[in-house]
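Please open the model in a viewer and keep the sequence beside it.

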Amino acid sequence: MNGSRPGPFERGTDGPKVVVAGLDGSDSSWRAAAYAAGLARRQGALLALVYVQPLSAAGAALGAPVVQASAEAAEQLEAEVREAAGRMTDVYELRWEFHTLRGDPYGALSRAADDLRADAVVVGASEQAGHRFVGSVAVRLVKAGRWPVTVVP
């Protein structure tokens with residue numbers, strides 16, 4: 001390979017450069033975000049926090065109030081992330097971004113990881129009992145097999 005042209009994109013060649021963490025406000029997602037922040041900081045990687053505004057048939061029928069509540073949840077999460085990041089920057093240097101997407105959590109996190117060329121995806125373990133039978137977002141991400149996935153309890 002000649003040195004004047006960049007090579008093709010490769011995942012994980014020199015450690016992660018982009019770590020995507022799913023954040024939904026649950027305790028496990030906050031632990032996942034903290035774990036991902038530590039990983040990104042130690043590797044000098046970008047931390048991309050992704051909040052997915054869920055879409056549901058019931059929510060679509062209700063219209064604007066549900067959309068407004070979801071947008072307010074995204075703003076609240078972003079404010080909490082900014083506050084936590086502000087406390088950390090006094091001690092650590094960490095590059096991070098906050099993304100709000102709409103849709104199915106698995107599909108949106110997958111798109112974000114692909115679009116951001118993520119080297120790793122970190123999510124919290126599902127706190128919903130039904131996911132043991134249907135499959136959680138974490139299980140679906142692992143089964144996709146496109147990125148290393150860490151599931152934080």
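Is Arg 146 buried, partly exposed or exposed? In this predicted model, Arg 146 counts as partly exposed, at 36% relative accessibility.

The structure holds 2 salt bridges. For the other, select Arg 140 and Asp 104, whose closest N and O atoms are 3.7 Å apart. Arg 140 belongs to helix H6 (residues 137-144) and Asp 104 to the loop between strand E3 (95-102) and helix H4 (105-115), so parts 36 residues apart in sequence are tied together. Arg 140 is partly exposed at 37% relative accessible area, and Asp 104 is partly exposed at 38%.

Next, turn to the largest nonpolar core, which has 19 residues. Select Val 19, Leu 47, Leu 49 and Phe 98, which touch the most other members. Strand E1 (18-22), helix H1 (27-43), strand E2 (46-53) and helix H3 (64-88) each supply at least two residues of this core; the largest share, 6 residues, comes from H1.

Now centre the view on Leu 49. Beyond its neighbours within four places in sequence, Leu 49 is in contact with Ala 21, Ala 33, Val 81, Trp 96, Glu 97, Phe 98 and His 99.

Finally, select Val 20, Ala 108, Ala 112 and Val 121, which are among the 16 residues of a second, separate core.

Conventions. Residues are numbered from 1 along each chain as its sequence is written. This is a predicted model: local features need pLDDT of at least 70, side-chain atom pairs count only at pLDDT 80 or more; totals for chains, interfaces and linings use all residues. Side-chain values use heavy atoms; hydrogens and water are left out. A nonpolar core is a set of buried Ala, Val, Leu, Ile, Met, Phe, Trp, Tyr and Cys residues joined through side-chain atoms within 4.5 Å. Buried means under 20% relative accessible area, exposed over 50%, partly exposed in between (1.4 Å probe, protein chains only). Helices (H or I, at least four residues) and strands (E, at least two) are DSSP runs, numbered from the N terminus. Contact means heavy atoms within 4.5 Å. A salt bridge is a side-chain nitrogen of Lys or Arg within 4 Å of a carboxyl oxygen of Asp or Glu.
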